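Dear colleague,

I am handing over the structure that you will find just below. Please look through it first, and then read on for what was found in it.

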Amino acid sequence: PKNALLSTHLFLDQFFWLGRSGIYKKKERADLISKISLYCWMSSSVCTSLVEIGELGRLSASMKKLEKDLKGINKHENDQYQAKVQKYNDRSLALVKASLDIVVADGLLQVAPKKNQSPCHRGFWVTNIASFRVVSVYTTPVSVEAYVPNS
């Protein structure tokens, strides 16, 4: 359902932009479609958050089992353990991004009462955009040889 909701959001979002550019003349209908689109995005983000929480729980249990198997051995030198730590970090970052997406969608939909929305609420846009930068930096492979001085 997560991918279907996100695909629906992306499809319906085109009508929003057609309305904003003046190509689609029915403003009320474009606004309604835009709201439905944002609800789809928010629902997709909720589904993503739930999936990531489940995966974090599964990875945590798997890491604890591996820690028991590696008693007496430095777990930080084990490749399998390091891979699980990397997956855990990736899933944690995805959960943070999905959570921020929910907050942004909430702000755009103005689901919360006006009196509870602060200027900080709009600041989550900046945080959300920054998370894309963090993901690209975090997932960019780095060569170890680039940091080893020539001897």
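**What was found**

From the N terminus on, the elements of the chain follow the order α-α-α-α, and the secondary structure amounts to four helices and zero strands, where helices (H or I, at least four residues) and strands (E, at least two) are DSSP runs numbered from the N terminus. Please keep in mind that this is a predicted model, in which local features need pLDDT of at least 70 and side-chain atom pairs count only at pLDDT 80 or more, while totals for chains, interfaces and linings use all residues. Residues are numbered from 1 along each chain as its sequence is written, and side-chain values use heavy atoms, with hydrogens and water left out.

The axes of helix H1 (residues 2-21) and H2 come within 8 Å and cross at roughly 155°; such axes are lines fitted to C-alpha atoms, for helices over the stretch in contact, and the angles run from 0 to 180 degrees between N-to-C directions. H1 and H2 are therefore roughly antiparallel to each other, a label used for angles over 145 degrees. The contact (heavy atoms within 4.5 Å) involves, among others, Leu5, Leu12 and Phe16 of H1 and Ile33, Leu38 and Trp41 of H2. Its residues divide into twelve nonpolar, eight polar and two charged, where Ala, Val, Leu, Ile, Met, Phe, Trp, Tyr, Cys and Pro count as nonpolar, Asp, Glu, Lys and Arg as charged, and the others, Gly among them, as polar.

H2 and H3 pack at an angle of about 155°, with their axes 8 Å apart, and these two helices are therefore roughly antiparallel as well. The residues of the contact of H2 with H3 divide into 21 nonpolar, eight polar and nine charged.

The largest nonpolar core is made up of six residues, namely Leu38, Trp41, Met42, Val104, Ala105 and Leu109. The elements that give two or more residues to this core are helix H2 (27-69) and helix H3 (79-109). A nonpolar core here is a set of buried Ala, Val, Leu, Ile, Met, Phe, Trp, Tyr and Cys residues joined through side-chain atoms within 4.5 Å, and buried means under 20% relative accessible area, with a 1.4 Å probe and protein chains only.

For the chain as a whole, buried residues make up 25% of the 151 residues.

With best wishes

How values were computed:
Buried < 20%, exposed > 50% of the residue type's maximum accessible area, 1.4 Å probe, protein only. Parallel < 35°, antiparallel > 145°, perpendicular 65-115°, else oblique.
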